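Visitor: Please put the sequence and the structure up, and let's talk through them together.

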Amino acid sequence: MKKLLISLFFLAPALALAQTPEFRITIKDHRFTPAEVRVPANKKIKLIVANEDSTSEEFESHPLNREKVIPGKSKAQIFIGPLKPGRYPFVGEFHEATAKGVIVAE
Amino acid sequence: MLSVAILVFRETLEAALILGVVAAASRSVAQSRRALGIGVAAGAAGAVLVALFAGVIAASAQGMGQELFNATVLGLAVLMLGWHMIWMTRHGAAMAAQARQVANEVKQGARGLSAIVVIVALVVLREGSETVLFLHGMFSGGGLTPAAVAAGGVLGVGAGAAVGYALYAGLLRIPVRWFFSVTGALVLLLAAGMAGQMARYLIQADILPGMLDPLWDTSWLLSPETAIGSLLQVLIGYDARPSATQVIFYAVTLTLILLGAKLARPPRLNH
């Protein structure tokens, strides 16, 4: 029993890590694809944003309380949530006219 | 061109407002103007360097290098602002009152000056590097002529600087007997706000837990996207949807600096 508890103790962080669901978004021609991302509510999630443009973009969202510069031709990970069910818009601040998207937590 | 100007203005504004407060708060420190100039120049040079290495920074620390970098810069700025505030409590009032005792002041002033240089450089560095990255992208293919991008950049920086200067000029009009209290309070809130922002970056990097996120939501009342909202965001650390972690960082910083300033207050002179 003790052994089991100890192994659980060491396993728990690894499990928690594995359980953080990942969602991918691509930036190309200053647009996000997909522009709408459905994620589970009340759960921490990890966004992986790949910027395929050669120029930098700044992922920004006031509702999500996040901002991160993503240099050209690179990937960034952003942890968000746990979110209450709802819509959380985000933009690419450097190209706000085209780079728009929304996270839908449900 | 206008879109470039607007974005550069937004990025510049934060640094300009902080500069305005620091410039006003340190006006009685000998040679503080020169310290501001050196800080801006060092920060601008640093911003270009940070932009050049943005990819390297972002990829470091398992992809959380940027958050760590921002948190570190903010943390250092908070320390420096706190120290400057405590230092001004101790020496500022005396300096304003007896501006003639130069010999001692120059020596003491040097320490205050280095804090000003570091604060200004850090603030310019952080906001500047984003501006450099943005402008670089615009130059290398944003569908605008280089001249238009350059003009937008100059216009944006100019407008940001103008607002910062207006704040500075406004603060200088405050009567002397309230001046130290007002600028002191502003520096204090500035530092607390930066500490809150620092917590936000550490939460974003999943280094700190974002407890009770959000603790409140006042975006219906005052959105951070409005002019007043973003102004208050810079000046007093207003956040429409902070987590409890951020609020704790804010409150602890506020308390520690106040306590430090109280302890550092010189005893009343008896002659």
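**Two chains, one chat**

Guide: Let's start with chain A: among its contacts between residues at least 6 apart in sequence, 59% join residues at least 24 apart. Two residues are in contact here if their C-beta atoms, placed from the backbone, lie within 7 Å. This is a predicted model, in which local features need pLDDT of at least 70 and side-chain atom pairs count only at pLDDT 80 or more, while totals for chains, interfaces and linings use all residues. Residues are numbered from 1 along each chain as its sequence is written, and chains are lettered from A and ligands numbered from 1 in the order in which they are written.

Visitor: Thanks! What does the secondary structure of chain A come to?

Guide: One helix and nine strands, and the order from the N terminus is α-β-β-β-β-β-β-β-β-β. Helices (H or I, at least four residues) and strands (E, at least two) are DSSP runs, numbered from the N terminus.

Visitor: And how much of chain A is buried?

Guide: Buried residues account for 36% of its 106 residues. A residue is buried if 20 or more other C-beta atoms lie within 10 Å of its own, exposed if 12 or fewer, and partly exposed in between, again with C-beta atoms placed from the backbone.

Visitor: Let's zoom in on Gly101(A). Buried or exposed?

Guide: Gly101(A) is buried, because 21 other C-beta atoms lie within 10 Å. Gly101(A) sits in strand β9 (residues 100–105) of chain A.

Visitor: Which residues is Gly101(A) in contact with, leaving aside neighbours within four places in sequence?

Guide: Ile25(A), Phe32(A), Ala35(A), Glu36(A), Val37(A) and Phe90(A).

Visitor: What about phi at Lys73(A)?

Guide: Lys73(A) has a positive phi of about 55° although it is not a glycine. The loop between β6 (66–70) and β7 (74–80) of chain A holds Lys73(A), which counts as partly exposed because it has 13 C-beta neighbours inside 10 Å. Ala61(B) has a positive phi too, about 50°, but its place is in helix α3 of chain B.

Visitor: Switching topic: how many residues of chain B are in contact with chain A?

Guide: Twenty residues is the figure for chain B, and they are in contact with 16 residues of chain A. Helices α3 (54–63), α5 (102–139) and α7 (176–204) of chain B each supply at least two residues of that side, and α3(B) gives the most, with five residues. By class, the side of chain B that touches chain A has eight nonpolar, seven polar and five charged residues. Ala, Val, Leu, Ile, Met, Phe, Trp, Tyr, Cys and Pro count as nonpolar, Asp, Glu, Lys and Arg as charged, and the others, Gly among them, as polar.

Visitor: Now helix packing. At what angle do α1(B) and α6(B) pack?

Guide: At about 30°, with the axes of α1(B) and helix α6 (residues 146–172) of chain B 7 Å apart. That makes α1(B) roughly parallel to α6(B). Their contact divides into 25 nonpolar, seven polar and no charged residues. Axes are lines fitted to C-alpha atoms, for helices over the stretch in contact, and angles run from 0 to 180 degrees between N-to-C directions. Angles under 35 degrees count as roughly parallel, over 145 as roughly antiparallel, 65 to 115 as roughly perpendicular and the rest as oblique.

Visitor: How do the axes of α1(B) and α7(B) cross?

Guide: The axes of α1 (residues 2–25) and α7 of chain B come within 9 Å and cross at roughly 140°. The two helices are therefore oblique to each other. Ile18(B), Val21(B), Ala24(B) and Ala25(B) in α1(B) meet Thr183(B), Leu186(B), Val187(B) and Leu190(B) in α7(B). The contact of α1(B) with α7(B) has seven nonpolar residues, one polar and no charged.

Visitor: Last one: which residues touch the most other members of the largest nonpolar core?

Guide: Val21(B), Ala77(B), Ile119(B) and Met198(B), out of 95 residues in that core. The largest share of this core, 17 residues, comes from α5(B). A nonpolar core is a set of buried Ala, Val, Leu, Ile, Met, Phe, Trp, Tyr and Cys residues joined through C-beta atoms within 7 Å. Not counting residues up to four places away in sequence, Met198(B) touches Ala71(B), Leu74(B), Gly75(B), Val78(B) and Phe249(B).
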